[in-house]
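Subject: A structure for you to explore

Hi,

Here is the structure I promised to pass on to you. Have a look at it first, and then read on for what I found.

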Amino acid sequence: MITAIVFIQADVSRITETAKQIADIDGVSEVYSVTGEIDLVAMVRVREVDAVAKVVADQLNKVEGVLSTQTQIAFQTFSQHDLESTFSIGL
């Protein structure tokens with residue numbers, strides 16, 4: 001499982017609509033509206049690193065209201081939650 005954290009600058013007049021459209025993209029598990037320099041944070045969880053580019057570059061960046069993105073790939077997860085089993089489809 002590859003986890004990418006995507007920081008999104010959005011058109012402030014369209015934050016809600018933009019967040020909903022991003023949340024509907026296959027591979028996006030959550031979208032958060034946040035305070036500070038960025039407007040939204042999307043969590044992307046996919047099986048292969050190449051799929052991150054397909055989700056972010058091919059889909060997320062094309063959502064109306066997205067002005068810019070910065071993507072961080074997570075190396076290691078420190079959590080009490082077993083996300084791997086949560087997102088497993090039994091392959």
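Among contacts in the chain between residues at least 6 apart in sequence, what percentage join residues at least 24 apart? The figure is 68%. Please keep in mind throughout that this is a predicted model.

**The overall layout**

You will find 3 helices and 4 strands in the chain. The chain has 91 residues, and 30% of them count as buried.

Start with helix α2, which covers residues 49-56. Its buried residues are Val52, Val55 and Val56. These three cover an arc of only 85° around the axis, so they sit on the same side of α2. Turn to the other side of α2 and you will see Asp50 and Lys54, which are exposed. There is a handy rule behind this kind of spacing: an α-helix has 3.6 residues a turn, so residues three or four places apart point the same way.

What do the buried residues of α2 pack against? They pack against four strands: β1 (2-10), β2 (28-33), β3 (40-46) and β4 (66-73).

Now try helix α1. Its buried residues are Thr18, Ala19 and Ile22. Here the arc around the axis is only 100°, which again means that these residues lie on the same side of α1. The cover over the buried residues of α1 includes β1, β2, β3 and β4.

**The nonpolar core**

In soluble globular proteins, nonpolar side chains tend to be buried together. In this model, the largest nonpolar core has 18 residues. The ones with the most contacts inside this core are Val6, Ile8, Ile22, Val28, Ala42, Val44 and Leu60. At least two residues of the core come from each of β1, α1, β3 and α2.

- Valine 6 is in strand β1. Is valine 6 buried or exposed? With a relative accessibility of 0%, valine 6 counts as buried. Leaving out residues up to four places away in sequence, valine 6 touches Leu40, Val41, Ala42, Val44, Val56, Leu60, Thr69, Gln70 and Thr71. Take valine 41 from that list: valine 6 and valine 41 are 35 residues apart in sequence, yet their C-alpha atoms are 5.6 Å apart in space.
- Valine 44, setting aside its neighbours within four places in sequence, is in contact with Ile2, Thr3, Ala4, Val6, Gly27, Val28, Val55 and Val56.

**A buried residue in a loop**

Valine 63 sits in the loop between α2 and β4. Its relative accessibility is 11%, and because buried means under 20%, valine 63 counts as buried. Beyond its neighbours within four places in sequence, valine 63 is in contact with Thr18, Gln21, Ile22 and Ile25. From valine 63 to alanine 10 is 53 residues along the chain, and their C-alpha atoms are separated by 9.8 Å.

**The charged pairs**

How many salt bridges does the structure hold? There are 2 salt bridges.

One of them joins the side chains of glutamate 64 and arginine 14, at 4.0 Å from N to O. This pair links distant parts of the chain, with glutamate 64 in the loop between α2 and β4 and arginine 14 in the loop between β1 and α1 (15-23), 50 residues apart. Glutamate 64 is exposed, with a relative accessible area of 53%.

In the other, the side chains of arginine 45 and glutamate 30 meet at 2.5 Å, N to O. Arginine 45 belongs to strand β3 and glutamate 30 to strand β2, so this pair ties together parts that are 15 residues apart in sequence. Arginine 45 counts as buried at 13% relative accessibility, whereas glutamate 30 counts as partly exposed at 24%. Arginine 45 also has a polar contact of 2.6 Å with serine 29, side chain to side chain.

Enjoy looking around, and write back with any questions.

Best wishes

Note on methods:
Residues numbered from 1 in each chain as written. Predicted model: local features only at pLDDT ≥ 70, side-chain atom pairs only at ≥ 80, totals over all residues. Heavy atoms only, no water. Buried < 20%, exposed > 50% of the residue type's maximum accessible area, 1.4 Å probe, protein only. Contact = heavy atoms within 4.5 Å. Arc of directions from axis to C-beta. Polar contact = N/O pair within 3.5 Å; in protein donor to acceptor, adjacent residues only side chain to side chain. Core = buried A, V, L, I, M, F, W, Y, C linked by side-chain atoms within 4.5 Å.
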